[in-house]
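Work through the exercises below with the model open. Each gives a task, then a stepwise solution.

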Amino acid sequence: MSVKTTCAYCGVGCGVLAATKGERSATIKGDPAHPANYGKLCSKGTHLGETIGLDGRLLTPEIRGRQAGWDEALDLIAAKFSQTIADYGPDSVGFYVSGQLLTEDYYVANKLMKGFIGSGNIDTNSRLCMSSAVAAHMRAFGEDVVPCSYEDLDAADLIILVGSNTAWCHPVIWQRIEAARAARGTRLVVIDPRRTETAEGADLHLAIAPDTDIALFNDLLNEMRSRWMLDGRYLAAHVEVPAGFWDMPKLDVAKVCDIAPADLEAFYDLFTAHPRTVTLFSQGANQSTQGTDKGNAIINVHLATGRIGKPGTGPVSITGQPNAMGGREVGGLATTLAAHMGFSPEERDRAQRFWQSPTICTGPGLKAVEMFEAAAAGKLRALWVMATNPAVSMPDARTVRIALANCPFVVVSDCIARTDTSLYANVKLPALGWGEKDGTVTNSERVISRQRAFLDAPGDAKPDWWALAQVAKRMGFSGFDYAHQADIFREYAAMTAFENDGSRKLDIGARAVLSNADYDALEPFQWGGVSPYADGRFTHPDGKARLVPVRHAPRDDATRLLPLRLNTGRYRDQWHTMTRTGLSAKLSQHRREPLIEVHPTTARRYGLSDGGLARVTTASGASIYRVALHDGQRRGDIFAPMHWSDQTSTEGRTGLLPAKARDPISGQPGFKNTPATIAPVKTQWSGFLITRGPPSVPDCLYWTRVKVGQGWLTELAGSGDSASLLKLLPAGERAELRDAKRGIIRAALVKDGQLSAALFISREGTLPPRDWLIAQLADEAASTMELLAGRPATPAPDRGPIVCACFDVGMRTILDAIRDQALTSVEAVGAALNAGTNCGSCRPAIAGLLGEAALT
């Protein structure tokens, strides 16, 4: 029997049907009745069943590395936090939480910190991905409300994607966009410095220079004004325009953005011709030191042209995590109080009376970067980190590690036993993972859904809300006697309605009387309706929205030593720091190593070779990547993925590179535009290791490992004695081939008729493909000669790099089918190979291969 739940990944909030098969395995399908996805799933959601095993799980509390019982751990946490508060005040402690938490977890954490400890020092890793959008919403609308729904994508005639590689990062939304284009001829504009697979299929791609979005949208607004495209009636009735708003400096925008004037004119013509416009913006806009102003520049255009509150119109901030929105609602950000209330005396009094709490925080607390700065400086002396890995994901991660090491008392709640962050924990608490958690989440269009458990809690793992409530009671606080997560949801729902009287759009008070059975059966529902501002009444006291003056501020921080621009982001099939997706062999095949993408012209200038190694250096740190030449990169820009950690690689550590510079309003770090330089890294040898179990950590300059089939693949490179790597092989009888003159080492171990491990090293860099050897972990082992050759006696077809993770289809397989079967469309490739017929995130890549084949 299937259990209806929601996906654990991005903010699309897809419904999932999970059916257990065996003790720790499940069949995963999309829920055809869920309004976010109607049965569709991306590659990550499709392969959730591969990530619910117990390998690497934290199953019991630990105190300084030794196993402990819950009572001992909770007593210690309560005592340490209480004593720290008594000695140094409430602002000496903090919670750093996560969009992976359920709303019920978030609510208890926020209530404890702001209402009972009396500090605003709770912030979330959502600060890193969408807090600039929150600030822009607050300035424009008076409340953090996404004014659109996914339905607006279906009704739009023009969709503008700003800083969003939607095909990779929100594939189900991308499928919806593709469907609209096919059904109604919707036009698509992509604004992104990179020519991503999303941009490849656009009607128009504006590859603007980094951080020039404000100049572009201000000029769009002025152009619409000069073309008489503003909605004067809407502005007069529903929008406050501050004095001097239209006094914008005149810029040569094509030059500022470094795009062709003809492309700029084409964009303005498309906007003019298609009043039903949706602008979807994501991390490329938000993760900037100008992120809030970018959001308001986009919103300004929609307000001034009246393209909001009507079907097929509006600005949409698409969130990155499954419950970033739920955290925003309850007050998980340090810059909001609770239930969309701020810190005015009236709101603080209202929250304290509702909670019946002994105190209330006096104002906003420390934002994410500030929190770790305070820990490094000795001002924050007790920190509880929940469901996130800041030692990897924060900017200037080296400083974050110093902060964690300096903080006298660190608690980490996680479902994974060993992360880069948990190494600094005084206490580790075993949390429930996806499939075990039970509560609610809110997606990017304000739909609240149930995330239901379908697996038993393993070991001593407990819900995060339970651990928080137990600590609160041990600290002497009342009001935390929750017997069930439904008790928390009812309290939160009641708080949204408390003395609201329509002053806040967030009001789910009607659900405050749900029984436990009603809560268990709760169907997805959308607060605020499909279009919260359809009536033109906004949340500012006068009911009007605001046009917010914003100005382009040129970046002048490039130097002679750091002349390049580093952009960072996600890979299609990975998630955050890979503690979950890294467990899936299927999801690890699309990109097996952290690659630094470089335009060929830039590569020649810096002496880089495709497939070689290169060190990227910024003012904050340095890390080594495998070079991938890509003419979709702007010259002078480079791109690195965010996912690798110390648990998966010595290098590719992108979190070490961005500086702590952040948006002055939202506090969101600027991950997308860091001054950098790059240089080739020469090694004496390279190689790879294939093992059935997780390998020991190699002692060499560069290694990175991923899950494959029945084992693990570790890529290696370094200098010095490569023979020492033979100790990485497990004990047993092995076949071995060495050529000292050419620096070749090849070794293979066979156990019970199957390959157990293999090591290949070469000084010349000539190494066999990995896939056939990896397959020997599952198949009956080939002959010794074949294993040492790294290929079968009768060569098998080379399928090439994986394009479709859902059906395991490689690039060469697709190109061969296009040639041999005369395939001419993505749909035809899907019919022939299944590629692109599930999540759709590989469809742009297939389209690219069709174009490539047409040219040959």
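**Exercise 1.** Characterise the salt bridge between Asp269 and Arg227.

Step 1. The two side chains meet at 2.9 Å, N to O. A salt bridge here is a side-chain nitrogen of Lys or Arg within 4 Å of a carboxyl oxygen of Asp or Glu.
Step 2. Asp269 sits in helix H12 (residues 261–273), Arg227 in the loop between H9 and helix H10 (232–238). They are 42 residues apart and link distant parts of the chain. Helices (H or I, at least four residues) and strands (E, at least two) are DSSP runs, numbered from the N terminus.
Step 3. Asp269 is partly exposed, because its relative accessible area is 38%. Arg227, at 23%, is partly exposed too. The classes: buried is under 20% relative accessible area, exposed over 50%, partly exposed in between (1.4 Å probe, protein chains only).

The model is predicted: local features need pLDDT of at least 70, side-chain atom pairs count only at pLDDT 80 or more, and totals for chains, interfaces and linings use all residues. Residues are numbered from 1 along each chain as its sequence is written, and side-chain values use heavy atoms, with hydrogens and water left out.

**Exercise 2.** Which residues touch the most other members of the largest nonpolar core?

Step 1. Define the core: buried Ala, Val, Leu, Ile, Met, Phe, Trp, Tyr and Cys residues joined through side-chain atoms within 4.5 Å.
Step 2. Among its 113 residues, the answer is Phe81, Phe95, Ile191, Leu216, Phe267, Leu303 and Trp384.
Step 3. Helix H3 (residues 103–117) gives the largest share, eight residues.
Step 4. A second, separate core has 47 residues, including Tyr9, Val12, Ala199 and Trp575.

**Exercise 3.** Where does Arg64 sit, and is Arg64 buried or exposed?

Step 1. Arg64 is in the loop between strand S4 (62–63) and strand S5 (66–67).
Step 2. Its phi is positive, about 50 degrees, although Arg64 is not a glycine.
Step 3. Arg64 is exposed, because its relative accessible area is 54%.
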